Amino acid sequence: MIHYQVVDTYEELCRLGADLIATQIKNKPNAVLGLATGSSPVGIYQNLIALYQAGKLDFSKITSVNLDEYVGLSADHPQSYRYFMQKNLFDHVNIDPAKTFVPNGLATDVDAECSAYDRRIETLGGIDLQLLGIGLDGHIGFNEPGDRFIEETHPVLLHPSTIQANARFFESIEEVPRSAITMGIGSIMRARKILLIANGPAKKEIIEKAVSGPVTPLVQASILQQHPDVTVIYSKL
Ligand code: GLP
């Protein structure tokens, strides 16, 4: 079931989103958080950092598993998702670095990396709260539109529109990796709670398709309609 909330500003979205995550951490200090990259979660992470700095949040027992990583980018590449997580959250809170997991984009055996990532999530007991952004083509993580929902963590060829959309973070479009490793729909759907965020008019059409359109692998986020506990927050700005 989706609880769909529309707010006016990104600030409001971030406050509500951070509250939901903070409540999860307070209710279960050793929670497993599924985390996301992209521009949308940045303000949520800033709010969480502020709560931590104010002594209101403790990450010491938290474990995190990230959704995805570009193939070919090392952890210290400024556009890698590991680097993003360090700079936007991990370096500023008391999370144990050994308990932060992001797929390894440099793995020589990508298939082995993918199945190890799924085993890791399973061993952790699954994800308590999964944070998601949404791509313009409806992708969650890097699960691109296709003819089916892929359950397991897997390598993906990025959609031309995704490469285009993510080029803004790179010096040029040629530098955007063509492939990535993404958590599959299975681990996302097994998360006990899901928070999907989207902001700005560019995301309006796709978020509405995801929330109330037909459930189809052409809009991967639409599968969330079949999850028992999803909060979607869309901000108009
Ligand atoms: C990337 C990420 C997604 C993210 C999407 C939207 O492709 N792999 O997890 O949701 O971008 O990003 P933004 O929030 O910047 O629009």
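How much space lies in the largest pocket? About 440 Å³. This is a predicted model, where local features need pLDDT of at least 70 and side-chain atom pairs count only at pLDDT 80 or more, while totals for chains, interfaces and linings use all residues. Residues are numbered from 1 along each chain as its sequence is written, and side-chain values use heavy atoms, with hydrogens and water left out.

**View 1. The largest pocket and its lining.** A pocket here is an open set of points on a 1 Å grid over the protein atoms alone, where a 1.4 Å probe fits, with protein on both sides within 12 Å along at least five of seven lines; lining residues have an atom within 4 Å of a point. The volume is the space filled by probe spheres set on those points, which are joined across faces, edges and corners. Look for Ile-134, Gly-135, His-139, Asn-166 and Lys-203, which lie nearest the centre among the 26 lining residues. Helix 5 (residues 160-166) gives the most to this lining, with 4 residues; helices are DSSP runs of H or I with at least four residues, strands are E runs of at least two, and both are numbered from the N terminus.

**View 2. Phe-169, part of the lining of the second largest pocket.** This pocket has a volume of about 150 Å³, and Helix 3 (residues 81-88) gives the most to its lining, with 4 residues. Phe-169 sits in the loop between helix 5 and strand 8 (179-182). Its C-alpha atom is 7.0 Å from that of Gln-79, though the two are 90 residues apart along the chain.

**View 3. A salt bridge between Lys-28 and Asp-128.** The closest N and O atoms of this pair are 2.9 Å apart; a salt bridge needs a side-chain nitrogen of Lys or Arg within 4 Å of a carboxyl oxygen of Asp or Glu. Lys-28 is in the loop between helix 1 (10-27) and strand 2 (32-35), and Asp-128 is in the loop between helix 4 and strand 6 (129-132), so the pair ties together parts that are 100 residues apart in sequence. Asp-128 is buried at 5% relative accessibility, while Lys-28 is partly exposed at 30% (buried is under 20% relative accessible area, exposed over 50%, partly exposed in between, with a 1.4 Å probe and protein chains only).
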